[in-house]
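User: I'd like to learn how to read sheets, helix packing and a chain-to-chain contact in a model. Could you walk me through one?
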Amino acid sequence: MTVAAVTPTLGAGVAGAAVVVRGLHRAFDGRAVLAGVDLTIGPGEFVALLGRSGSGKSTLLRALGGLDGDFEGQALVPGRRSVVFQEPRLLPWARTLPNVTVGLSGEAARRGPAMLAEVGLTDHARAWPVTLSGGEAQRVALARALVREPELLLLDEPFGALDALTRIRMHALLQELCRRYRPAVLLVTHDVDEAILLADRVLVLSGGRIAFDEQVDVRAPRRRSDAAFAALRSRLLAELGVAEG
Amino acid sequence: MTAVVSTSTGLDDLGDVGDLAADLAPERGTPLPRSGASASPPAPTLTDARSIAPRTRRPVVPRGVRRLGGPLAVVTVWYLLCATGVLDERTMAPPGDVVTAARDLLRTGELQHHLLTSLGRVVQGLSLGILAGVSFATIAGLFRLGDDLLDSTLQMLRSVPTIGMLPLIMIWFGIGEEPKVLLVAVGTMFPIYINTLAAIRGVDAKLVEAGRTFGLSRLGLARRVILPGAVPGFLVGLRFALVGAWLILIFAEQINARSGLGFLLTLGRSTYRIDIILLALAIYGMLGFTADAIVRFLERTLLAWRRGFTGT
């Protein structure tokens, strides 16, 4: 339960960082999933976290989101954090707008309609979640996360369940919203292309540690046909233990 | 691939394409349709798109009227059996007598009095039962201590037949209104409690986690996530409770009462008025039907989110 505790011993490098993690450990039934993770994320920095299935990506995200206790190590995270899960997790018995502003009151709650407009769902403000498509529901989830004006946005494979076309649209929407609100972002994904398309920096979690950490140097607009894109893609796939076909 | 299909003989001699041929084997026996075949399909024509949809015939008679058909048939058969003497008039009254009895009792005001008395007892008992059932379910569902203290106790009490408590309740509370209301309350509390608690337990933990992430307090979680999620289960419990309420009340009213539908039944038995007994039973039937309609209305309004009904 040390997450979110501000630890002054972290020393240099804390100033001006949104997230600082030092020596984070987490074990499930004696099996270490995170074995000393060190990670710093700057304010407004978009970081993608890749890893094989079961590598502990989501565990790390849940630690930073304060969704799980039983961690050892030190972590400094901002107070305002939001999470978008793989599934929208909307309250089925609340209409769209109350779902966006759930848990908010006053000024923050009044931002709801504007936020809903930003994800293009003004017309659906009074719709029940069951009537929304998968992409629409995930846009509501994104609005619910961003209306809180988070300093850290945690995305746990948010586009994993969407079809390919919807995913492309969601990528563009997310990029635009991140440009506007500038939260620090940790995107957990298993999609290498998605990571390179969106992130400023790509990490690979392997063996319970950050095994790969590199800035994405691909000129915008990023295209898969770009040589730098392909090169980074190859290296990441190799890092993930997948031979390119 | 097409070469394999068209080769009708010697497939086994093809060696390495043998496996492929085996996969395609089912096609071997079916001859390819020839263009010159006599049974050529008719040329496609454009039709109204609605004709493609599965045909739902609009009933000539409205559904509401058709649903009355069953009860009407029962009454008709009943009438015929009485009129032809198949049913002994000493043990079975014809429908006409029941209607007459209803008219007489309505004129004297007795029927209204008994019906309202019973209704009042059910409403009071049910209200208490719902209040207790929902409260206990909420306490047991939200707090571990509440669960430990309440659940085993209530589960044990539940296995005691409510009617079996009648003698004790009569000794404690006499023969006034209290024992009847209390018995209904006890009998309706359990189905409400059990179904509501099960529904609280069944609320998706992922929603609770999300709610917590988005800043809901304990109270907020209960109000916005857990209790709304338990409404479907509560309504299931309410259905059971409504049936149980009348059952228990009739029993209680037959043993110690001067009014109510149960008393009407006893009156019919002791004066050998079969028409009155049948009348009381018919009223039960109608009350059950009404209660069901009320629950269905509640489901439509409270669970609109399930059907995607926007309500606008």
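User: Let's take the six strands in chain A: in what order do they form an open sheet?

Analyst: The general idea is that strands of a sheet pair through backbone hydrogen bonds, either parallel or antiparallel. Keep in mind that this is a predicted model. Here the order is S5-S6-S7-S3-S8-S9 in chain A, and the pairing is mixed. At the edges you'll find strand S5 (81-84) and strand S9 (209-215) of chain A; each has a single partner strand, so one side of each has no neighbour in the sheet. On average, neighbouring strands are turned by 20° against each other, direction ignored.

User: What packs on that sheet?

Analyst: Helix H5 of chain A (residues 134-146) does, touching S5 and strand S6 (152-156) of chain A. The direction of this helix makes about 175° with that of S5(A).

User: And how many bridges join S8 and S9 of chain A?

Analyst: Six, in the antiparallel sense, with S8(A) covering residues 201-206. To find your place in that pair, look for A:Ser206, which stands opposite A:Arg209 in S9(A).

User: Now the open sheet of three strands in chain A: what is its order?

Analyst: Read it as S2-S1-S4, with antiparallel pairing. S2 (31-41) and S4 (72-76) of chain A are the edge strands; each has a single partner strand, so one side of each is left without a neighbour in the sheet. The twist averages 20° from one strand to the next. Strand S1(A), residues 19-28, pairs with S4(A) over four antiparallel bridges, and A:Val20 sits opposite A:Leu76 in S4(A).

User: Over to helices. At what angle do H5 and H6 of chain B pack?

Analyst: H5(B) (residues 110-142) and H6(B) (residues 144-158) pack at about 130°, with axes 7 Å apart. The two are therefore oblique to each other, and H5(B) passes H6(B) in a left-handed crossing. H5(B) brings B:Phe136, B:Ile139, B:Ala140 and B:Leu142 to the contact, while H6(B) brings B:Gly146, B:Asp147, B:Leu150, B:Asp151 and B:Leu154. By class, that's six nonpolar, one polar and two charged residues.

User: Last one: how many residues of chain B are in contact with chain A?

Analyst: In general, the size of an interface is often given as the accessible area lost when the parts come together. Here we can go by residues: 18 from chain B are in contact with 17 from chain A. On the chain B side, H9 (205-213), H10 (218-255) and H13 (304-307) each supply at least two residues. H9(B) gives the most, with six. That side of chain B has seven nonpolar, seven polar and four charged residues.

Key. Residues are numbered from 1 along each chain as its sequence is written. Chains are lettered from A and ligands numbered from 1 in the order in which they are written. This is a predicted model: local features need pLDDT of at least 70, side-chain atom pairs count only at pLDDT 80 or more; totals for chains, interfaces and linings use all residues. Two strands pair if DSSP finds at least two bridges between them. Axes are lines fitted to C-alpha atoms, for helices over the stretch in contact, and angles run from 0 to 180 degrees between N-to-C directions. Two residues are in contact if their C-beta atoms, placed from the backbone, lie within 7 Å. Ala, Val, Leu, Ile, Met, Phe, Trp, Tyr, Cys and Pro count as nonpolar, Asp, Glu, Lys and Arg as charged, and the others, Gly among them, as polar. Angles under 35 degrees count as roughly parallel, over 145 as roughly antiparallel, 65 to 115 as roughly perpendicular and the rest as oblique. A crossing is left-handed if the near helix is turned anticlockwise from the far one by less than a right angle, and right-handed if clockwise.
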